[in-house]
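Q: Hey, I've got a new structure to look at. Can you walk me through the salt bridges and pockets?
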Amino acid sequence: EADIYQTPRYLVIGTGKKITLECSQTMGHDKMYWYQQDPGMELHLIHYSYGVNSTEKGDLSSESTVSRIRTEHFPLTLESARPSHTSQYLCASSDPRTGGIYGYTFGSGTRLTVV
Amino acid sequence: GENVEQHPSTLSVQEGDSAVIKCTYSDSASNYFPWYKQELGKGPQLIIDIRSNVGEKKDQRIAVTLNKTAKHFSLHITETQPEDSAVYFCAASRSTGANNLFFGTGTRLTVIP
């Protein structure tokens, strides 16, 4: 059973709206990630964090921003949603004390549609 | 940085047959290679992994092999069942530095009953 939770599961929102996608984990993992998954399946890293007050940009440029005020919480915000932001967003976490060797735990994702 | 290539992008097999998905990586310092299964409407789930000091690992109907010299690794599923239908991702990472996972582009496996 995954201990990482994403809300909402589905979101349809109008262009120009501000949205926040929530991600929380109960495993005490320091490292957390946001991936954007396109319809072609590929996973693109857009943000990650080493721990509290740490945020880093990923491999894919994104107009979203993230914050990490608490270990368990890693929300992603879009200040002004556009149709090009329509995608599946996946949150994940890992324990860097293991050198990442136990892989990531993923949430179930948020499917965002901007109309 | 690391570049992971995955083939094929789609794979259809008859129930009971075997399925093989192959990945190559570029960074010789990578030493951890997990495989994830993503079912419809869910996030990817770790199904098996292998570290660079091991050449093969098996867990019931699934197995992974690693060839460090050639920098490629493979997932083998035997006696496939309809519930094996999903998207499968390979990944690679180092255990030092940022140790982010680098994912392959995914393989959509369909098991035909």
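This is a predicted model: local features need pLDDT of at least 70, side-chain atom pairs count only at pLDDT 80 or more; totals for chains, interfaces and linings use all residues.

Q: Okay, what links B:Lys37 and B:Glu39?
A: Their side chains meet in a salt bridge, at 3.5 Å from N to O. Salt bridges with shared partners also join B:Lys37, B:Glu39 and B:Lys42 into one network.

Q: Is B:Lys37 buried or exposed?
A: B:Lys37 is buried, with a relative accessible area of 16%. B:Glu39 is partly exposed at 31%.

Q: How many salt bridges are there over all chains?
A: The search finds eight. One of them pairs B:Arg61 with B:Asp84 at 2.9 Å, N to O. B:Arg61 sits in the loop between strands S6 and S7 of chain B and B:Asp84 in the loop between S8 and S9, so the pair ties together parts 23 residues apart in sequence.

Q: And B:Asp84, buried or exposed?
A: Buried, at 7% relative accessibility.

Q: Switching to pockets: what volume does the largest pocket have?
A: About 470 Å³. It is lined by 25 residues, and those nearest its centre are A:Gln37, A:Arg111, B:Gln38, B:Leu40 and B:Gly41.

Q: What kinds of residues make up the lining of the largest pocket?
A: Eight nonpolar, 11 polar and six charged.

Q: How much space lies in the second largest pocket?
A: About 300 Å³. Its lining has 15 residues, with A:Glu42, A:Leu43, A:Asp59, B:Phe102 and B:Phe103 closest to the centre.

Notes: Residues are numbered from 1 along each chain as its sequence is written. Chains are lettered from A and ligands numbered from 1 in the order in which they are written. Side-chain values use heavy atoms; hydrogens and water are left out. On a 1 Å grid over the protein atoms alone, a cavity is a set of points where a 1.4 Å probe fits but cannot get out, and a pocket is an open set with protein on both sides within 12 Å along at least five of seven lines; lining residues have an atom within 4 Å of a point. Grid points are joined across faces, edges and corners, and a volume is the space filled by probe spheres set on the points. Ala, Val, Leu, Ile, Met, Phe, Trp, Tyr, Cys and Pro count as nonpolar, Asp, Glu, Lys and Arg as charged, and the others, Gly among them, as polar. A salt bridge is a side-chain nitrogen of Lys or Arg within 4 Å of a carboxyl oxygen of Asp or Glu. Buried means under 20% relative accessible area, exposed over 50%, partly exposed in between (1.4 Å probe, protein chains only). Helices (H or I, at least four residues) and strands (E, at least two) are DSSP runs, numbered from the N terminus.
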